[in-house]
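Dear colleague,

I am passing on a structure for you to look through, and after it I set out what was found in it. Please keep it open beside this message as you read.

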Amino acid sequence: MIEAEIYTALTEIFHEVFDDDAIVLKPELTAKDVKGWDSYKMVNIIIAVEERFGIKTRTQEIDKLQRVGDFVKLIEAKTAPRP
Amino acid sequence: MSLSGLYWLPSDPDWPAKVKAVERDKPVAWDSLVALANAKLDFIRTERLDTCLRGAFGTEPPKGLATKPVRLALLASSTVAHLQPALRVAALRRGIHLTIYEADYGQYLQELLDADSGLHKFKPNTVLFALDARHLTSGADVAADAPQADAIFNETVDKLASCWRIARESFRCPVLQQTVLPVLPPVMGSNEHRTPGSPQALVARLNAALRGLAEQEGVSLLAIDEHVRADGTRSWHDPVLWHRAKQEISPAAAPLYGDLVARLLAAQQGLSAKCLVLDLDNTIWGGVIGDDGLEGIELGQGSAVGEAFIAFQDYARQLMRRGVILAVCSKNDEANALAPFEQHPEMLLKKTDIAMFVANWQDKASNIRAIARDLNIGLDSLVFADDNPFERNLVRQELPIVKVPELPEDAALYAECIADAGYFEGLAITDEDRDKTQLYRANRERDTLKAEATDITSYLRGLDMQLVWRRFDKVGMTRTVQLINKTNQFNLTTRRYTDEDVVALMNDRRGFGLQLRLIDRFGDNGIIAIVIGRMQDGGDLLIDTWLMSCRVLGRQVEEATLNLVAQEACRLGARRLIGEYIPTSKNSMVAKHYDRLGFAALDAGPDGRTSWVLDLAGFAAADIFITMVDGDAASRSEGAAQKVGA
């Protein structure tokens, strides 16, 4: 999946989870920048992402995420076609 | 098919826009929220709707709600905050307003024991114990031998039972116990039970024991272990989330979990569906009887499709035999529609299994309305099963309160779909349930006699009716509580009572609870009416509750009951009877009940409540064609006769 597609799908998820259509996802965005982005919402985002992209994330991978850009890279790597 | 997707609910592409529209319209309408809750929702949409619901009806239920608001104490040993939105939305789906109290993390036992705790201040009217597998097996020791494992098991079970008792005694309300999620890994394998001390073996043993124990203690179960079996442990539980957030139940499974709980809450109030309305062509047989003919339809052994339809018929019969009424609503010529019932050798459902058979060319919504009217049940107690999406959508649009499942395309999955949707959730089965088809068939025979009799008097006389009355007793308790909680139409005050309340009345010398059974020449109608009277200061007897099954309307049971109430009131020394009418959205048929019986108007409240008075000194018992039988006295003399005989 290319980066732009991931951003589009991820934006939809954020809009639904936070019920806010004004959220614009950028690579440097962090949890501090979005109102209500706590650990509870993070669990919801992870599950929605796993369902949407058909992937499974690992505890360690999630713990390493700092910014939205990291999340997109993780999704990109997980959805990349295997050789 | 993933259960956690609530696949039987219709999905609505316009849902997000509709939520926004509902929110814009202030004040937010409860009914619009109920409609939004009746679409297929994932956990994110569930949370979205919950935000909207809490904004509009946070802790205050809307005024004039026909259902009883539920105050649920959620007593858990791990994180359950993420399940709350799904619980509220699933209750909303059934028109119930739910307020939840969640005990502080890991504090459920302390809060139960402390009379000053938030839990006690909350005053729940239902308690749900949602204890996770790791908590319940914390005492397990893999190396334990059988006697040691037994001791651990017994200790756990005793702890549970004492929690239930404390909850019951403190709150005098129904207690629900969630069965244990089988999420722990085995240490042996298939023969795990040979390691009696293993946590997984303990969970299996607990789940088996909970059935009997709950029965003994009067607790109802939330059998999530059964649902996990159907849906797969992995769709309910994610070990990653357990370690991240101590969520034993994954947020993705929350909508289903909420729905399972709400079914029980609805069943407690008698809101479960009562009647399954079946389409015919491609719903209970394959093909179109009008085109394909008796030989052409697919039904019965010989083809996979034919067997699938038989299996669905078999499931419908099983539902019928436990008390669900069956009806048919089909677009067909009646003669064609009846032909398989009368002539097809493989047909499992018989004409006599169907309480109401409607086959014509009118639209299905009108026909379904007629079925509800003729069977004397609310439209909200109907489930309509039809393979045709067009008909389903039409009925949903015209009659949004009728439940219309999205039947899967394969007939082999029909029965599962009806079961998964949980429309007919039941808490107890009574003799009346088992005989219900017989009851409705006898009713039809009575109607025939009615048509033959020239006037109503000779008809009633010809019925040879006996009204057998008894005070509330343990034997009749299940049926008494069932009637108190599910009768909506002929119900003067719609007060709902629990087992505990009924027991309290058995021992109350300043009041009475009466159960009335009607027998006639066509059979036993079972317990059909309940009256509760309470003495007030000053010689008034208040009729706290008066309810009756609509099956026996127009048969002088009302008059006979009044004669009985007057007699019992006099026995308690009353001089006047006071009757009340409290209006709900469903009981307008009894607004004039006391007026008809000769009571004088006493008072009227702003909310439509009225109260009525009858002076007992001037009361003359009405002349009726019903013989009154004192059931308690009859059993006493029977008992005495047996003693003499022995």
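**Strands in chain B**

In chain B, strand β7 (residues 325-331) and β8(B) run parallel and are joined by 6 bridges, and within this pairing B:C329 has B:V358 of β8(B) as its bridge partner. Please bear in mind that this is a predicted model, in which local features need pLDDT of at least 70 and side-chain atom pairs count only at pLDDT 80 or more, while totals for chains, interfaces and linings use all residues. Residues are numbered from 1 along each chain as its sequence is written, and chains are lettered from A and ligands numbered from 1 in the order in which they are written.

Strands here are DSSP runs of E with at least two residues, numbered from the N terminus, and two of them pair if DSSP finds at least two bridges between them. An open sheet of 4 strands in chain B has the order β8-β7-β6-β9, with parallel pairing. Its edge strands are β8 (354-360) and β9 (382-385) of chain B, each of which pairs on one side only.

Strand β3 (residues 126-130) of chain B has 5 of its 5 residues buried, where buried requires 20 or more other C-beta atoms within 10 Å of the residue's own, with C-beta atoms placed from the backbone. From β3(B), B:T126, B:L128 and B:A130 point one way, whereas B:V127 and B:F129 point the other way. Strand β1 (residues 70-76) of chain B runs parallel to β3(B) and is joined to it by 5 bridges, with B:L72 partnered by B:T126. Another 3 bridges join β3(B) to the parallel strand β4 (residues 175-178) of chain B, where B:Q177 stands opposite B:F129.

With best wishes

Note on methods. Buried ≥ 20, exposed ≤ 12 C-beta atoms within 10 Å, placed from the backbone.
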